[in-house]
Amino acid sequence: MNHRERVLAVLNHQEPDLVPLDLCNTASFINDPAYFALKEYLHIEGDVAPFRKGFTGNYYDERVLAALDIDFRHVWLKPPAGYQQKNYPDGTFSDEWGVLYRLLGNERAIMRNPLSGADVDTIDKYPWPDPAALGRTDGLAERARYLYEETDYAVAAHAAYIYGLFDNAWILRGFEEFMTDLMINKDFARRLLRKILDLYLEFYDLYLDEVGPYVHLVVHAEDYGMQAAPFISPKLYAEMFLPLHKELFSFIKKKAPQAKIMLHSCGAVYPLIPLFIEAGIDVLNPIQHLAEGMDPARIKKEFGSEIVFHGGIDIQQALGGSVEDVRKEAKARIDDLGRGGGYIIAPANIVQAEVPPENIVTLYKTAREYGRYNSEID
């Protein structure tokens, strides 16, 4: 099988020749220091321009993907033409949503939630981003068409915006305030979520007009889990978020009917998985198995006939450990999630700055060698 055939087999719940590999998809980027170390380790010379700024992973380098024999290539929406984040003398900066951040080391921290203390009437008056701003889709159709017609890679569309409904709502509002809204100020929560969804529908409409015919996977990202439990109960998710997700995912599938939808949600989301499936997802990322209840073998057994799994490689301990830790982690996840197909291997989130480059190389080398369906995985 070639790269695309391998991925399509897995996305259609068929057994491929090898477990497919992904990297630099939504939420599986490489933190900048780790990227530069990996590039040097692979003897890749010459720089590429960052494709974004103000995040922990800002580089997308196809030379790295080629060196690791990654099965995917990716497309993404761009910022508006001429857009510059607002930088302030104290080192803070704000994005086009009006959220104020500060870089702390190589991580960014939220310094101001612009809708904190706002009332419902403020939502319509707020200076929201313009999805139709010129420049967002420049060159997208051409790149997606090239990848689809001239390469054998599977083509994945990054999330239209890195944060989803839940994330963006609490970032704009403030976590404590928005969680309170969900319980006792539901009118505000619904109005805010509706506004964010309407913007996302516009983003995906423009985005998929350009790349829809050429992509095999469309990603949407939002985090519903912490380490020990979901942030919200299944009942509250079903009430406040499930109808919105059904609308969004149905819209995406109408725009790109051949594509599968991947949802990224970190943390302990086991109780929410049936509702994610009901919402319309085809692929779940990242299966953070150190979180409570996220046993990969159990999840594979219970949900493997309904959804595909993406990610799974622990970044909290294993990927930053020894080379042998990485080998064991890769083999364990392939054993747990890869039987019969249905698994795409990738880091469970951003590869952290301190991860040695040899560990990243070992991950993908081990997956290629061990993840063959005529060997140990059988």
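Glutamate 247 is partly exposed in this predicted model, with a relative accessible area of 34%. The residue belongs to helix α10, which covers residues 242-255. Beyond its neighbours within four places in sequence, glutamate 247 is in contact with Arg194, Leu197 and Leu201. With arginine 194 there is also a polar contact between the two side chains, at 2.9 Å. Glycine 280 lies 33 residues from glutamate 247 in sequence, and the C-alpha atoms of the two are 9.3 Å apart.

## The chain as a whole

The chain holds 14 helices and eleven strands. Its radius of gyration is 20 Å, close to the 21 Å that the globule rule gives for 378 residues, so the chain is as compact as a globular protein of that length. Along the principal axes, the C-alpha atoms fill a box of roughly 60 × 45 × 40 Å. Buried residues make up 57% of the 378. Of the contacts between residues at least 6 apart in sequence, 74% join residues at least 24 apart.

The accessible surface of the chain is about 15300 Å², and carbon and sulfur atoms account for 51% of that area. The chain carries 39 positive and 56 negative charges, and the mean positions of the two sets are 2 Å apart.

## Helix α6

Helix α6 spans residues 165-173, and eight of its nine residues are buried, so the helix is largely enclosed by the rest of the structure. The buried residues are Leu165, Phe166, Asp167, Asn168, Ala169, Ile171, Leu172 and Arg173. After α6 comes glycine 174, with a positive phi near 105 degrees.

Histidine 264 is placed in strand β8, residues 260-264. With a relative accessible area of 4%, the residue is buried. Its side chain makes a polar contact of 3.0 Å with the side chain of aspartate 223. Leaving aside neighbours within four places in sequence, histidine 264 is in contact with Ala27, His220, Ala221, Glu222, Asp223, Asn285, Pro286, Ala348 and Asn349.

Two of these contacts, Asn285 and Pro286, are the residues on either side of a cis peptide bond, with omega near 10 degrees. Proline 286 lies in the loop between β9 (283-285) and α12 (296-303). Isoleucine 287 is in the loop between β9 and α12 as well. This residue has a positive phi of about 55 degrees although it is not a glycine. Isoleucine 287 is buried, at 2% relative accessible area.

## Other loop and helix positions

Histidine 13 has a positive phi too, near 60 degrees, and is likewise not a glycine. Its place is the loop between α1 (3-11) and α2 (32-41). Histidine 13 is partly exposed, with a relative accessible area of 34%.

Threonine 151 sits in the loop that runs from α5 (140-150) to β6 (154-157). Its relative accessibility is 16%; because buried means under 20%, threonine 151 counts as buried. A polar atom of its side chain lies 2.6 Å from the backbone oxygen of leucine 147. Neighbours within four places aside, the contacts of threonine 151 are with Arg4 and Tyr146.

Lysine 125 is part of helix α4, residues 120-125. The residue is exposed, with a relative accessible area of 67%. Arginine 52 is 73 residues from lysine 125 along the chain, and their C-alpha atoms are separated by 28 Å.

The table gathers accessibility values for residues described above.

| Residue | Relative accessible area | Class |
|---|---|---|
| Isoleucine 287 | 2% | buried |
| Histidine 264 | 4% | buried |
| Threonine 151 | 16% | buried |
| Histidine 13 | 34% | partly exposed |
| Glutamate 247 | 34% | partly exposed |
| Lysine 125 | 67% | exposed |

Definitions and conventions:
Residues are numbered from 1 along each chain as its sequence is written. This is a predicted model: local features need pLDDT of at least 70, side-chain atom pairs count only at pLDDT 80 or more; totals for chains, interfaces and linings use all residues. Side-chain values use heavy atoms; hydrogens and water are left out. Helices (H or I, at least four residues) and strands (E, at least two) are DSSP runs, numbered from the N terminus. Buried means under 20% relative accessible area, exposed over 50%, partly exposed in between (1.4 Å probe, protein chains only). A polar contact is a pair of N or O atoms within 3.5 Å; within protein, one must be able to donate a hydrogen and the other to accept it, and residues adjacent in sequence count only if both atoms are side-chain atoms. Contact means heavy atoms within 4.5 Å. The radius of gyration is taken over C-alpha atoms; the globule rule is 2.2 Å times the number of residues to the power 0.38. Accessible areas come from the Shrake-Rupley method with a 1.4 Å probe; for residues, only the protein chains shown count as cover. Lys and Arg count as positive and Asp and Glu as negative; His and the chain ends are not counted. The place of a charge is taken as NZ of Lys, CZ of Arg, CG of Asp or CD of Glu.
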